[in-house]
Amino acid sequence: MKLKTLLSAFRAPKPAAFDPIAPESGFYAMGDIHGRLDLLDRVLRGLPDDLPLICVGDYIDRGDDGAGVLRRLQASPDITCLRGNHEDMLLAFLDAPQDKGPRWIRNGGLQTLASFGVTGVTQTTAGIDLKIAADALRRAMGPELIDWMRLLPLMHETGNVTVVHAGADPAKPLDQQAHRTLTWGHPDFLTTPRRDGQWVLHGHTIVDAPSADQGRIAVDTGAYATGRLTVARVIPGEVSFEST
């Protein structure tokens, strides 16, 4: 073996090894809903009540009934709801509409505004008109729903499984992740396995089929466009999937 090849082999990192999936107790995890109240209701009607349900975030935008989805989830305290980047964008719009509004509107905010009865907004709306729209949205949502969104947690941990919206920095412990990383993702998340044996269940990135591999469990099957809303059943030693 040549010296260069020998050195390369010596320096190559060992493949990441992952212990079997071992939550402290089993649970269901639902992928990104994005305004598809019809799919959410279908899943909830058919889902057994043997395990608790966790939703990974992105309840609004793109689909037509973000308002209905939020109200349905808010009225279901037995469901654990995490916060996604689209919830972040809506709240940022309420706090700073003229600055943060254009980005949210370009990423599906128009559909959510319409679902709350806020009309007259287009992708070119700017300035004071965005503030007027934010005020109208605030009135339509009401303080209880807005406060519920602000209090949504960023992660749910059980055993060696952590549920987040978008992903995690594989180089940092899960309790040291930045808010933006958990809601928007990290450039190394999908390519670099973690080294601590923790499995990360996530949405945010649309996949053709759900999967559990290399410490990552992906459940976002693009429900708003595909009509396939996916739920993972996670129990000690096993992950299985069902989609609408």
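Nine salt bridges occur in this predicted structure. A salt bridge here is a side-chain nitrogen of Lys or Arg within 4 Å of a carboxyl oxygen of Asp or Glu. Side chains of opposite charge can pair when their charged atoms come close.

The model is predicted: local features need pLDDT of at least 70, side-chain atom pairs count only at pLDDT 80 or more, and totals for chains, interfaces and linings use all residues. Residues are numbered from 1 along each chain as its sequence is written, and side-chain values use heavy atoms, with hydrogens and water left out.

## Salt bridges

| Asp 41 | Arg 72 | 3.0 Å |

Asp 41 forms a salt bridge with Arg 72. This pair links distant parts of the chain, 31 residues apart. Asp 41 lies in helix α2 (residues 37–46), and Arg 72 in helix α3 (residues 66–74). Helices are DSSP runs of H or I with at least four residues, strands are E runs of at least two, and both are numbered from the N terminus.

How accessible is Arg 72? Arg 72 is partly exposed, with a relative accessible area of 32%. The classes are buried (under 20% relative accessible area), exposed (over 50%) and partly exposed (in between), using a 1.4 Å probe and protein chains only.

Asp 99 is exposed at 57% relative accessible area. Lys 100 is partly exposed at 42%.

Asp 135 and Arg 138 sit three residues apart in helix α6 (residues 128–141), so about one helical turn separates them. Both ends are partly exposed: Asp 135 at 25% relative accessibility, Arg 138 at 32%. Which residues make up the salt-bridge network that includes Asp 135? Lys 131, Asp 135 and Arg 138 are linked in it.

## A buried histidine

His 165 is placed in the loop between β5 (161–164) and α8 (179–184). Is His 165 buried or exposed? His 165 counts as buried, at 0% relative accessibility. Its side chain reaches the backbone oxygen of Val 56 at 2.8 Å.

## Sheet and cysteines

Five strands form an open sheet with mixed pairing, in the order β3-β2-β1-β9-β10. Two strands pair if DSSP finds at least two bridges between them. β3 (79–81) and β10 (238–243) stand at the edges. Each has a single partner strand, so one side of each is left without a neighbour in the sheet.

Strand β2 (residues 53–55) runs parallel to β3, and three bridges join them. Cys 55 has Cys 81 in β3 as its bridge partner.

How many disulfides does a search of the whole structure find? The search finds zero. A disulfide requires a pair of cysteine sulfur atoms within 2.5 Å. The sulfur of Cys 55 is 4.7 Å from the closest cysteine sulfur, in Cys 81, which is too far for a bond. Both residues are buried: Cys 55 has a relative accessible area of 1%, and Cys 81 has 5% relative accessibility.

Note on methods:
A polar contact is a pair of N or O atoms within 3.5 Å; within protein, one must be able to donate a hydrogen and the other to accept it, and residues adjacent in sequence count only if both atoms are side-chain atoms.
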